[in-house]
Amino acid sequence: MKISTTELSNRISVYNIFSDGKSGMEEISMKDLYDSINIDTIDDDDIQDYGKLHLRDLKRLDYSINPSEDTAISVRKHVVIFSIDNTRAIITANRLVFIVPDGADSIIGEIGKDIDDWAELDSSFEYNAYERLLTATKYLDKNQLELLEKKSDDILKQIKRTNIMSVKTQDDIKNLKNEISSILKHFGHIVDVLNDVYEDDEKQAFMNLTLLKNNYILFKNVDDKPELHEGISNLIEVFLIDYNNYVSRAENLEIKIKGEEDLMMIKLDTVRNQLMIINTVISIIACTVGFSSYVASIFGMNLDNTKYLQPVPGVFNGVVISTMIF
């Protein structure tokens with residue numbers, strides 16, 4: 001992937017959190033960001049064959065160049081690239097670089113929450129960074145899912161109050177179904193990424209950036225060292241359970257909407273059948289009246305033109321009744 005000079009000089013807003021507890025916003029070019037991150041990395045070809053961080057990795061995180069980045073957690077040598085929609089970041093052993101999207105006040109507040117307490121925790125800096133990034137992602141997704149659940153409840157209440165859906169209600173249902181389908185796809189991508197990390201012990205081990213930086217010799221053979229990946233594995237498992245629960249909730253919304261649509265269609269079919277019966281009865285009556293009118297037009301209203309029938313008592317009523325029965 002070739003990167004132009006213009007793209008390299010493009011300045012992006014980032015929110016930095018350092019292992020010493022300092023944090024702050026800055027604007028920086030991708031080239032300068034790349035250089036500053038590589039200062040903290042170690043290029044050792046003896047450890048596992050994980051590639052180094054490249055400029056193209058940073059280009060993928062730039063919203064102006066790539067507004068719809070694929071969901072991924074990528075491991076490089078001494079660097080982890082975290083990319084889930086509006087939660088894009090680069091993590092090293094002593095620095096978390098969050099790429100700031102437009103209107104990101106809420107997510108920055110969520111990521112920077114309680115950073116003063118990170119130093120007092122037993123876990124490493126990068127572990128706290130992973131947990132905070134995943135928590136911020138879950139925070140956004142949970143809010144979006146709860147909003148969809150509220151929309152769904154409101155629409156279902158509208159449907160239950162009437163036997164016929166208005167055009168507006170039908171449009172609302174269509175839009176809601178599209179939103180549910182979109183969020184299900186989004187949750188599915190996150191579950192796939194978390195599963196990919198959860199099932200890869202080697203990748204989990206190399207996400208221990210502090211230990212990797214201080215004692216990278218331990219990582220020459222990670223297969224026999226389960227302690228290198230257990231902490232990350234437990235963290236991923238917690239969020240994997242949460243997102244599987246979100247998938248179930250979104251699927252339940254989809255089922256409820258489909259169930260109410262099916263019920264409404266049954267009601268409409270019932271009304272349609274009743275209208276068909278009424279229409280049939282009206283058609284029969286119309287045919288009867290029409291045929292009777294035809295006969296009356298031939299014989300005359302009082303059968304005056306038939307001299308043999310006129311003197312017979314009740315002949316008019318008999319002709320009318322027999323004609324209608326016929």
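**Salt bridges and a helix face**

Author: Lys256 is partly exposed, at a relative accessible area of 40%. The model is predicted: local features need pLDDT of at least 70, side-chain atom pairs count only at pLDDT 80 or more, and totals for chains, interfaces and linings use all residues. Residues are numbered from 1 along each chain as its sequence is written, and side-chain values use heavy atoms, without hydrogens and water.

Reader: Why is Lys256 called partly exposed?

Author: Buried means under 20% relative accessible area and exposed over 50%, with partly exposed in between (1.4 Å probe, protein chains only). Lys256 has 40%, so it is partly exposed.

Reader: What makes Lys256 and Asp153 a salt bridge?

Author: The rule asks for a side-chain nitrogen of Lys or Arg within 4 Å of a carboxyl oxygen of Asp or Glu. Here N and O are 3.8 Å apart, so the pair qualifies. Lys256 sits in helix α9 and Asp153 in helix α5, 103 residues apart. Helices are DSSP runs (H or I, at least four residues), numbered from the N terminus.

Reader: How many salt bridges does this rule give?

Author: Nine. Among them is Glu149 with Arg249, at 2.9 Å, N to O. Glu149 lies in α5 (residues 125-160) and Arg249 in α9 (residues 230-299), so the pair ties together parts 100 residues apart in sequence.

Reader: How do you know that the buried residues of α2 line one face?

Author: In α2 (residues 30-38), Met30, Leu33, Tyr34 and Ile37 are buried. Seen down the axis, the buried residues fall within an arc of 100°, so they line one face of the helix. The arc is that of the directions from the helix axis to the C-beta atoms.

Technical notes
Helices (H or I, at least four residues) and strands (E, at least two) are DSSP runs, numbered from the N terminus.
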